[in-house]
Amino acid sequence: MRENPRETRLCDLHVHSVFSDGTLTPEEIVDLAVRKGLSAVALTDHNTAKGCPRFVAAAEGKPLHAICGAEFTTEYEGTELHLLGLFLPQAVFDEVEAYTAERNARKEESNRLTICRLQEAGYRIAYDELTEAFPAVARNRSHIARLLVRKGCAATVEEAFQKLLNPECGFYTRFPEPDFLKTVARIKAWGGVAVWAHPLFHVGIEQAKQILPAAVAAGLDGAEAYYSTYTPEEQAAMLRLTEQFGIAASGGSDFHGIVKPEIDLGCGKGDLAVPFTCYEALLAHIR
């Protein structure tokens, strides 16, 4: 992990476990975070908070602030955007699951149709193999990609996405996602903190500027200014944007484990350093 002379305490506020498409358990994430000397870590599995009780239990008595969260897939005027709900109280975990249940059911049907189309094109892959390989989790295209690699249909997860699971390839079809602004409001109603995840992954800086006024009006607390794939210029632009709109700067690696081996916990591709002050600024937004 890179040493930052201006901020020795670091955090990672965007991490995935086996409860979505990561490869480490919540307990293993806690152990790794402690070994790396991180001061705070947020578990933000896709569209579920099921791993959070184990995550918090594993962190008890350890020098780590364990933050319960989830990453919500949403849509704004036809564009897919992701939201992190951070500092979610345990009392609302069932409400989180209820909110995402219909969306996750549609996603599972999309998974089934994608595999059916792959079968029709001659790829030796079955839906039952997907459910057996990844039981009791909110499955997505990443799981299908990993199965394609296991079956020898692709060399890497990245190749599977590029050559088979990109919507333009004709096997995967997107479906409508929950509304971005309504999900911001829902996170706030739960008593959580709403953070726009990796804005520049989905839109450019100018489009982000156009979206932020409505998002802030809906209750958005922050946006990721520190992210594994940002260039130094993009990071600087996002920091300016958070300051311009009066929201907190957040950041995280988007760690998934060995499925994304180039991204490590806490340091991303090697030079990510999210100041602990990001955690403190977001904590101040809790009602």
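Reply: Glu109 and Arg112 are both in helix 3, three residues apart, which is about one turn of the helix. The model is a predicted one, and in it the side chains of Glu109 and Arg112 meet in a salt bridge, 3.7 Å from N to O. Glu109 has a relative accessible area of 38% and therefore counts as partly exposed. Arg112, with 40%, is partly exposed as well.

Glu108 also forms a salt bridge, in this case with Arg139, and the closest N and O atoms are 3.0 Å apart. This pair links distant parts of the chain: Glu108 belongs to helix 3, while Arg139 sits in the loop between helix 4 and helix 5, 31 residues apart. Both Glu108 and Arg139 are buried. A search of the whole structure finds twelve salt bridges; among them is one between Glu206 and Lys209, at 3.5 Å from N to O.

Next comes helix 5. Asn140 caps the N-terminal end of helix 5, with a side-chain oxygen 2.9 Å from the backbone nitrogen of Ser142. How many of the ten residues of helix 5 are buried? Eight are, so helix 5 is largely enclosed by the rest of the structure. The buried residues are Arg141, Ser142, His143, Ile144, Ala145, Arg146, Leu147 and Leu148. Their cover includes helix 3 (93-120), helix 4 (127-133) and helix 6. Just after helix 5, Gly152 takes a positive phi of about 80°.

Helix 6 covers residues 157-165, and its buried residues are Val157, Ala160, Leu164 and Leu165. These four span an arc of only 65° around the axis, so they lie on the same side of helix 6. On the other side of helix 6, Glu158, Gln162 and Lys163 are exposed. The buried residues of helix 6 pack against helix 3 and against helix 5 (141-150).

Most residues other than glycine have a negative phi. His198 is not a glycine, yet its phi is positive, at about 30°. His198 is found in the loop between strand 5 (193-197) and helix 8 (199-202). Is His198 buried or exposed? His198 counts as buried because its relative accessibility is 2%, and the cut-off for buried is under 20%. Glu77 also has a positive phi, near 50°. Glu77 is in the loop between strand 3 (65-76) and strand 4 (79-86). With a relative accessibility of 71%, Glu77 counts as exposed.

Where pLDDT is low, the predicted coordinates should not be read in detail.

Technical notes: Residues numbered from 1 in each chain as written. Predicted model: local features only at pLDDT ≥ 70, side-chain atom pairs only at ≥ 80, totals over all residues. Heavy atoms only, no water. Buried < 20%, exposed > 50% of the residue type's maximum accessible area, 1.4 Å probe, protein only. Helix = DSSP H or I, 4+ residues; strand = E, 2+ residues; numbered from the N terminus. Arc of directions from axis to C-beta. Contact = heavy atoms within 4.5 Å. Polar contact = N/O pair within 3.5 Å; in protein donor to acceptor, adjacent residues only side chain to side chain. Salt bridge = Lys/Arg side-chain N within 4 Å of Asp/Glu carboxyl O.
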